[in-house]
Every structure is written in structure tokens, then in C-alpha cells.
Amino acid sequence: MWMGGFESLLWLVLGLVMLVLAVAALVMAALAREDAYRAADKQTKMLWLILLGVTVAVDLFLQMLFLQIAGLIATIVFLVDVRPALQQVSGGRGRRGGSSSDGPYGPYNGGR
């Protein structure tokens, strides 16, 4: 009996993780500019919004394992491939376009 409860809890946690990832990817896809998708040579913004929106709906309402796995694959492809390409094209967030040796007043040239 205890093992069945653990298995149920495990599936609940996995389902929740898949849902959170899909929602995060959907928000990131919605916030990216449309022209960044074209510049990065990726599929259109609308296609990614539809794919990730269907993934969120499946994770919330249907909970069919095959569809959840397909949605998880789409989410992972977006997070690992599309999002970094969009960030590279649009300038990213954390860095403001300089090299790693740039200081607050310009590039560091080693005292030359």
C-alpha cells in the first residue's frame, strides 16, 4: 500500500514539473518578438505558441502520458534550441553586448 502511494506521488510531481516547464516556455515564447523568430531562422511565433499552449492544456486537463511526453519534447526543444537562438538574435538579457573582459568603463586591455 505504501508503494502505491509513493508511485502516485511520483507521477503527481512529474506531472507538476512538466506543467511548470510548459507554462514557463509558453511565457518565454509569448514575450519574444516575432521578428526574432524569423531572424533566428526558427518556426513562427504562432506555431510555438500553439504547440506550447496545447502542451499546457494537455498537462492540465487530459493527462494522457503519450501526449504529455510529446509536449515535453516540444518544451525541451523550445528551451534548449529556440530560446537561446532568440536570445542571441535579440541581444540576450544578462550581458549588454560586450566581451567578458569589459569593465564598467570599457574593455580591459591589461594595462597596455
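In helix H4, the buried residues are Gln 68, Gly 71, Ala 74, Thr 75, Phe 78, Val 82, Ala 85 and Leu 86. Buried here means under 20% relative accessible area, exposed means over 50%, and partly exposed lies in between (1.4 Å probe, protein chains only). The model is predicted, so local features need pLDDT of at least 70 and side-chain atom pairs count only at pLDDT 80 or more, while totals for chains, interfaces and linings use all residues. Residues are numbered from 1 along each chain as its sequence is written, and side-chain values use heavy atoms, with hydrogens and water left out.

The protein contains four helices and two strands. Their order along the sequence is α-α-α-α-β-β. Helices (H or I, at least four residues) and strands (E, at least two) are DSSP runs, numbered from the N terminus. The protein has 112 residues, and 22% of them are buried. Its accessible surface is about 8300 Å², with 67% belonging to carbon and sulfur atoms. Areas were computed by the Shrake-Rupley method with a 1.4 Å probe, and for residues only the protein chains shown count as cover. Contacts (heavy atoms within 4.5 Å) were also counted. Of those between residues at least 6 apart in sequence, 62% join residues at least 24 apart.

Helix H4 spans residues 65–90. H4 has 26 residues and reaches 35 Å from its first C-alpha to its last. That is close to the 38 Å expected at 1.5 Å a residue. The expected span is 1.5 Å times one less than the number of residues. H4 bends by about 35° at Phe 78, a residue that is also buried. The bend is the angle between axes fitted to the seven residues ending at a residue and the seven starting there. After H4 comes Gly 91, with a positive phi near 100°.

Leaving aside neighbours within four places in sequence, Gln 68 is in contact with Met 18, Val 58, Asp 59 and Gln 63. Val 58 and Gln 68 are 10 residues apart along the chain, and 6.5 Å separates their C-alpha atoms. With the same exclusion of neighbours within four places, Val 58 is in contact with Gln 63, Leu 67 and Gln 68.

A nonpolar patch of about 850 Å² is made by Met 3, Phe 6, Leu 10, Trp 11, Leu 14, Leu 65, Ile 69, Ile 73 and Val 77. Patches are made of residues with over 30% relative accessible area and no salt bridge; like charges are joined within 9 Å, and nonpolar side chains (Val, Leu, Ile, Met, Phe, Trp, Tyr) within 5 Å. Helix H1 (2–31) and H4 each supply at least two residues of the patch. H1 gives the largest share, five residues. Trp 11 is in H1 and is partly exposed, at 48% relative accessibility. An α-helix has 3.6 residues a turn, so residues three or four places apart point the same way.

The structure holds three salt bridges. A salt bridge is a side-chain nitrogen of Lys or Arg within 4 Å of a carboxyl oxygen of Asp or Glu. Lys 42 pairs with Asp 81, the closest N and O atoms being 3.0 Å apart. Lys 42 lies in the loop between H2 and helix H3 (45–62) and Asp 81 lies in H4, so this pair ties together parts that are 39 residues apart in sequence. Lys 42 is partly exposed, at 27% relative accessible area. Asp 81 is partly exposed too, at 38%.

Glu 34 and Arg 38 form another salt bridge, at 3.7 Å from N to O. The two are four residues apart in helix H2 (residues 34–39), so about one helical turn separates them. Glu 34 is partly exposed, with a relative accessible area of 34%. Arg 38 is exposed, at 56%. A further salt bridge joins Asp 35 to Arg 33, with 3.0 Å between the closest N and O atoms. Both partners are partly exposed: Asp 35 has a relative accessible area of 35%, and Arg 33 has 45%.
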